[in-house]
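The entries below are in the order in which I made them.

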Amino acid sequence: MKKENKKRKRRVIGTQKRPRLCVFRSKKHIFAQIIDDEKNTTLVSESDIKIKKENKIKKEIEEKIKNMTKKVREAFLVGFFLAQKAKEKNIKKVVFDRRNYKYHGRVKFLAKGARKGGLIF
């Protein structure tokens with residue numbers, strides 16, 4: 001029990017040079033933000049809800065995500081489009097903060113999408 005509490009207390013901190021990519025997932029949706037903890041500001045954010053509203057999936061990406069399940073596909077796209085927005089703001093390197101989620105499933109594919117979009121972590 002004490003080991004679990006220590007794991008929860010660990011905190012990833014983002015700086016101006018390397019901001020923090022923070023992931024939140026619920027049963028239905030997934031959200032990601034790039035945060036500068038020194039200034040306490042959100043630099044870029046993306047969610048599957050925004051992607052559905054804007055419907056901005058390109059043909060080159062569609063081929064890569066054909067075989068994925070719906071939730072995993074959405075997570076991949078959130079990571080990919082977050083990376084595209086980060087590129088526009090000259091953010092290339094980030095620290096990945098998955099909170100207490102395992103690096104598995106939707107969190108893993110969000111990270112893959114971000115890497116495919118050009119982020120380094």
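What follows are my notes, entry by entry.

**Entry 1, ground rules.** I am working with a predicted model, in which local features need pLDDT of at least 70 and side-chain atom pairs count only at pLDDT 80 or more, while totals for chains, interfaces and linings use all residues. I number residues from 1 along each chain as its sequence is written, and side-chain values use heavy atoms, with hydrogens and water left out.

A pair of aromatic rings is described by the distance of the centres and the angle of the planes. I counted rings of Phe, Tyr and Trp (its six-membered ring) as a pair if their centres lie within 6.5 Å; planes under 30 degrees apart are stacked, over 60 edge-to-face, and the rest tilted. The count came to four aromatic pairs. For F80 and F81, I noted ring centres 5.6 Å apart and planes at 80°, so this pair is edge-to-face. I then looked up F96 and Y103, which also form an edge-to-face pair, with 6.3 Å centre to centre and 90° between the planes. F96, Y103 and F121 make up one aromatic cluster.

I call a residue buried under 20% relative accessible area, exposed over 50%, and partly exposed in between (1.4 Å probe, protein chains only). F80 is at 10% and is therefore buried. F81 has 5% and is buried. F96 is buried at 17%, whereas Y103, at 37%, is partly exposed.

My rule asks for NZ of Lys or CZ of Arg within 6 Å of the ring centre and within 35 degrees of the ring normal. The charged end of K112 sits over the ring of F109, 4.8 Å from its centre.

Helices (H or I, at least four residues) and strands (E, at least two) are DSSP runs, numbered from the N terminus. I found I35 in strand β2, residues 30–36. I35 is buried, at 11% relative accessibility. Contact means heavy atoms within 4.5 Å. Leaving out residues up to four places away in sequence, I35 touches G14, P19, R20, C22, T41 and T42.

A nonpolar core is a set of buried Ala, Val, Leu, Ile, Met, Phe, Trp, Tyr and Cys residues joined through side-chain atoms within 4.5 Å. The largest one has 29 residues, and F96 and I34 are among those that touch the most other members. β1 (20–25), β2, α4 (70–88) and α5 (106–117) each supply at least two residues. The largest share, 10 residues, comes from α4.
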